[in-house]
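Reader: I have a structure open and would like to go through it step by step. Could you please guide me?

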Amino acid sequence: IVEVDARAAGTAISPDLFGVFFEDLNYAADGGLYAELVQNRSFEYRSADRSGWHALTAWELLERDGAAGSLTVSTAAPLHPANPHHAVLRTVATGTTGSGAGLRNEGFDGIAVRAGESYDVSLFARLPDGAGNRLVARIESRDGGLVHGRAELGPVPGHWERLSAVITCETTDPDARLTLTTSGVGTVHLDLVSLFPQATFRGRPGGLRADLAQAIADLKPKFMRFPGGCLAHGQGLGNMYRWPDTVGPLHQRRQQPNIWHYHQSMGLGYFEYFQFCEDIGAKPLPVVPAGVCCQNSEVTGQAGIPQEEMPAYVAEVLALVEWANGPADSTWGAVRAAAGHPEPFGLEYLGVGNEDTITDTFRDRFARIHDALREHHPEITVIGTLGPSTAGQDWERGWAFARERRIPVVDEHSYKSPRWLLENTRRFDAMDREGPHLYVGEYGSGRNNGRSAVAEAAYMIAMERNGDVVRLASYAPLLARRGSIQWLPDLIYFDNTDVWPTLNYHVQRMHSVGSGDTALPFTVTGAPEPVPVRNDARATVLIGTGADTRAEFTDVTIDSPGGAPVPVPEFGTWHAESGTWVTDGSGGVRQTRSGARAELLLADAVEGSGYAFSVRARKTAGD
Ligand code: AHR
């Protein structure tokens, strides 16, 4: 029996419970929410992104009908210093149809197009030798046998110029390609070759994928955190996510590898994040690096931005507030206005740091940023960090530091088992009501199934019941592209044509859409005894660093003492007769900061049963 005291004044619940956490992990941005259909559009892929990648990854030369030519890459006289590489397409002989050589892009596992829909094709081009070449863009079937739509671009001038056209497709094809061919002999330089559906979310040109953005919008999130996660800090000081590199014209944005071992075009940058937040009525919650690398890992021999560079870095953080909230005639407000948004975005929250180890270097860098924000922007609520866990030294040091500095809100991460979430629904009751307040910035309970979803629901009720101190919360991660999954579980899965929200998604949605404003006191009597909890068991082995790494476990034997049922491994393919388990692209390999881990996951193992594994692991693909 649940008795609620409806006459009590109750406790006000934070209006910002619950939101979403967006990180460019699992191809959530390029190849995901960002609706660009061309992969490696600026010829900036490098082996630093992923071993084996280069400037022409996802591109190939076309020499059709007897046309002959070459496709190379140059850095001479680039379109912009931030975008140093471009393609050089040379035709030495035209083919029987009169067309020159061309190039073709494979998209992200193909390009999905629909009959009757229109697509914006655009590119920067120049003719170094002054010949009057034109270009033909085609969306065609994978084998080139069927042309779904075409458009002409040009004539191409002797200097870099953006050319654009619209292609309307007559056929639906989930696995199409984009081709560009020249009209004659000569050389054409090409950069930022782009293809976008016109049917983006809210119809914004160069915008977001409508179905994925709608799935996020349907959660009615009160806020959206971006760009991460560990991605905010990147791998070493040189790989930090620097927000000024992600605003302004696309060809002027500096691209870089992300911490999850692939490329960031930065087409989905701060402007697009803020605009999306505005479109869906969510408060923007950007997270900037706290002047240290991810968990202070000293990849470059330096855990923190050197002292002499800190004033410039602090100025960069302050500039973000001006860019978001300043008048259109302020220095940074003018950059926002030039992008088409003269009105301020209304930034309220700013995260500083993510899962940082609480070292002296961290304390120093954080304090410098925090002091400057307090002095110049007391209106901004700074969110600090408690490290990667819900307990332990960093967590305790994080709390002590937050209290000492009177940081208004701190970010705690809890990736836990369902059992842990269920056993910890009382943990917020004991929190100091005077602060700091809590942002449960990343949490989830290990699986996309009913047990995890129910445990998450119970934990969310606990947060809401303590909504005076638990101010914000977001499940993590949000998006995962099937075939490129690096972290399991996620809230929403997708491929080029479909979107699969999970049970966990519906729990989030239920709480967010129906969030309350006042928590009333209640008592529960006659509750049943807790039932034994079943948990997952895992065998994990480090297998490399590439996102598309595959592995095979052989000679798997699982002893289940006491006659407990032997669970079947999840996510890969299980061959019971040979005791072999093979990972596939949709799971079984989890990316962690130290590399890819193959994971043999046994669902619903009875806790405490003393399972014994014996496995041999073999890497079958990847780095
Ligand atoms: O959500 C995935 C990762 O988990 C985040 O990047 C990091 O903050 C956490 O460890």
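Author: Let us begin with a term: a residue is near a molecule or strand if its C-beta atom, placed from the backbone, lies within 6 Å of it. This is a predicted model, in which local features need pLDDT of at least 70, side-chain atom pairs count only at pLDDT 80 or more, and totals for chains, interfaces and linings use all residues. Residues are numbered from 1 along each chain as its sequence is written.

Reader: How many residues surround the ligand, and which are the closest?

Author: The ligand is surrounded by 13 residues, and the closest are Gly 229, Cys 230, Glu 355, Ala 476 and Pro 477.

Reader: What classes make up that shell?

Author: Six residues of the shell are nonpolar, four are polar and three are charged. Here Ala, Val, Leu, Ile, Met, Phe, Trp, Tyr, Cys and Pro count as nonpolar, Asp, Glu, Lys and Arg as charged, and the others, Gly among them, as polar.

Reader: Turning to helices, what about H6: how far apart are its end C-alpha atoms?

Author: Helix H6 covers residues 393-405, and its end C-alpha atoms are 18 Å apart, which agrees with the 18 Å that its 13 residues should span at 1.5 Å a residue. The expected span is 1.5 Å times one less than the number of residues. Helices (H or I, at least four residues) and strands (E, at least two) are DSSP runs, numbered from the N terminus.

Reader: Which residues of H6 are buried?

Author: In H6 the buried residues are Asp 394, Gly 398, Phe 401 and Ala 402. Seen down the axis of H6, they fall within an arc of 100°, so they line one face of the helix; the arc is that of the directions from the helix axis to the C-beta atoms. A residue is buried if 20 or more other C-beta atoms lie within 10 Å of its own, exposed if 12 or fewer, and partly exposed in between, with C-beta atoms placed from the backbone.

Reader: And what is on the face turned away from the buried side?

Author: That face of H6 carries the exposed residues Gln 393, Ala 400 and Glu 404.

Reader: Why does Asp 394 count as buried?

Author: Asp 394 has 21 other C-beta atoms within 10 Å, and therefore it is buried. The C-alpha atoms of Asp 394 and Glu 355 are separated by 9.1 Å, although the two residues are 39 residues apart along the chain.

Reader: Is Pro 244 buried or partly exposed?

Author: Pro 244 is partly exposed, with 16 other C-beta atoms within 10 Å. Pro 244 is found in the loop between strand S15 (223-226) and strand S16 (256-257).

Reader: Now the sheets, please. What is the order of the strands in the open sheet?

Author: The open sheet has five strands in the order S5-S6-S14-S9-S12, with antiparallel pairing. Its edge strands, S5 (68-74) and S12 (161-168), each pair on one side only. Two strands pair if DSSP finds at least two bridges between them.

Reader: How many bridges join S5 and S6?

Author: S5 and S6 (residues 86-93) pair over seven bridges, and the bridge partner of Thr 72 in S6 is Val 88. Five bridges join S6 to S14, where Thr 91 stands opposite Gly 186.

Reader: Which strands form the closed barrel?

Author: The closed barrel of eight strands runs S3-S15-S18-S19-S20-S21-S22-S23, and the pairing is parallel. S15 and S18 (residues 283-288) pair over four bridges, and Phe 223 stands opposite Lys 283 in S18.
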